[in-house]
Amino acid sequence: MEITVQEFKHCDMITVKGRVDSATAPQLAQALEAANEAGKYKLVVNMAELEYMSSAGFRALLAAQRNCKRYNRGEVVLVSVPDRIREALELAGFTELFKTFDEPLLAVGHF
Amino acid sequence: MKSVQFAAKFEFLDEIRDFVGTIAREGGFGDKDVYNIQLATDEAASNIIEHAYEGVSDGVLELSCGMKDDTITIILVDHGEPFDPSSIPMPDLKADLSERKIGGLGIFLMRKLMDEVRYDSHPEKNSNFLTMIKRKR
């Protein structure tokens with residue numbers, strides 16, 4: 001798994017590549033927490049090159065959404081979610097907790 | 001049925017998913033089913049590592065997998081604490097953000113993604129068996 005962070009004027013984009021499972025989810029959780037600690041609560045998680053995510057990854061996203069929503073207009077949104085991962089998120093009832101966008105620019109423009 | 005033993009550590013989840021994924025693909029399952037079989041097996045193995053072997057550093061996880069006709073069977077055996085998935089309440093998928101609980105989500109996914117999930121504990125043999133079955137449609 002590989003994580004890169006890109007800063008925009010009104011939000012940060014966190015791009016996650018590869019596979020998120022119980023072994024790698026702590027790294028994702030850490031990246032999301034680091035953003036919060038830096039005062040960033042408007043986060044776009046770009047999943048375009050994400051191959052796999054288990055419920056350990058869902059847990060990291062849920063914790064981040066809780067932390068971000070505590071702040072005024074803070075929010076985690078998801079972009080370019082691959083089909084298989086979208087289906088699992090839907091099954092888990094997570095798609096109601098996260099706005100999702102098809103294109104990074106649309107997600108960034110949301111903030 | 002092919003069998004392989006893994007140290008019960010998260011770092012082997014990649015290999016665990018590859019092992020069942022290869023057998024499922026060779027058995028004729030499509031991409032979507034292969035992904036879901038891998039996800040269910042990952043969730044099962046993660047639960048064993050996290051709960052059955054909580055605080056145990058040298059736990060062993062035995063994974064068996066095979067095709068018969070149009071059915072894949074996956075069996076995970078551990079020698080840790082019995083952990084019955086059916087004792088875990090279903091997550092409330094309608095709960096809002098603040099009330100949403102993450103516990104039980106892995107088991108919920110296993111049940112949704114596979115056709116059958118069975119758990120048998122044999123304390124006299126110090127072994128727990130988790131069997132999952134999925135049929136081709």
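Modeller: Gladly! Let me start with a definition: a crossing is left-handed if the near helix is turned anticlockwise from the far one by less than a right angle, and right-handed if clockwise. Helices (H or I, at least four residues) and strands (E, at least two) are DSSP runs, numbered from the N terminus. This is a predicted model, where local features need pLDDT of at least 70 and side-chain atom pairs count only at pLDDT 80 or more, while totals for chains, interfaces and linings use all residues. Residues are numbered from 1 along each chain as its sequence is written, chains are lettered from A and ligands numbered from 1 in the order in which they are written, and side-chain values use heavy atoms, with hydrogens and water left out.

Colleague: Which hand does the crossing of α2(B) and α3(B) have?

Modeller: α2(B) passes α3(B) in a left-handed crossing, so by the definition the near helix is turned anticlockwise from the far one. Helix α2 of chain B covers residues 31-52 and helix α3 of chain B residues 105-113. Their axes (lines fitted to C-alpha atoms, for helices over the stretch in contact) make an angle on a scale from 0 to 180 degrees between N-to-C directions. That angle is about 145 degrees, and the axes are 9 Å apart.

Colleague: What makes the contact between α2(B) and α3(B)?

Modeller: Contact means heavy atoms within 4.5 Å. Among the residues that make it are B:L39 and B:A40 of α2(B) and B:I107 and B:M110 of α3(B). The residues divide into seven nonpolar, three polar and one charged. Here Ala, Val, Leu, Ile, Met, Phe, Trp, Tyr, Cys and Pro count as nonpolar, Asp, Glu, Lys and Arg as charged, and the others, Gly among them, as polar.

Colleague: And which hand does α1(B) show where it passes α2(B)?

Modeller: That crossing is right-handed. α1(B) and α2(B) also pack at about 145 degrees, with axes 9 Å apart. Including B:I16 and B:V20 of α1(B) and B:I37 and B:I49 of α2(B), this contact has eight nonpolar, four polar and four charged residues.

Colleague: Why is the pair B:R17 and A:D21 called a salt bridge?

Modeller: A salt bridge is a side-chain nitrogen of Lys or Arg within 4 Å of a carboxyl oxygen of Asp or Glu. The closest N and O atoms of B:R17 and A:D21 are 2.8 Å apart, so the pair qualifies. There are four salt bridges between chain B and chain A.

Colleague: What about A:K17 and A:E49?

Modeller: Their closest N and O atoms are 3.9 Å apart, so this pair also meets the rule of a salt bridge. A:K17 lies in strand β2 of chain A, and A:E49, 32 residues apart from it, in the loop between β3 and β4.
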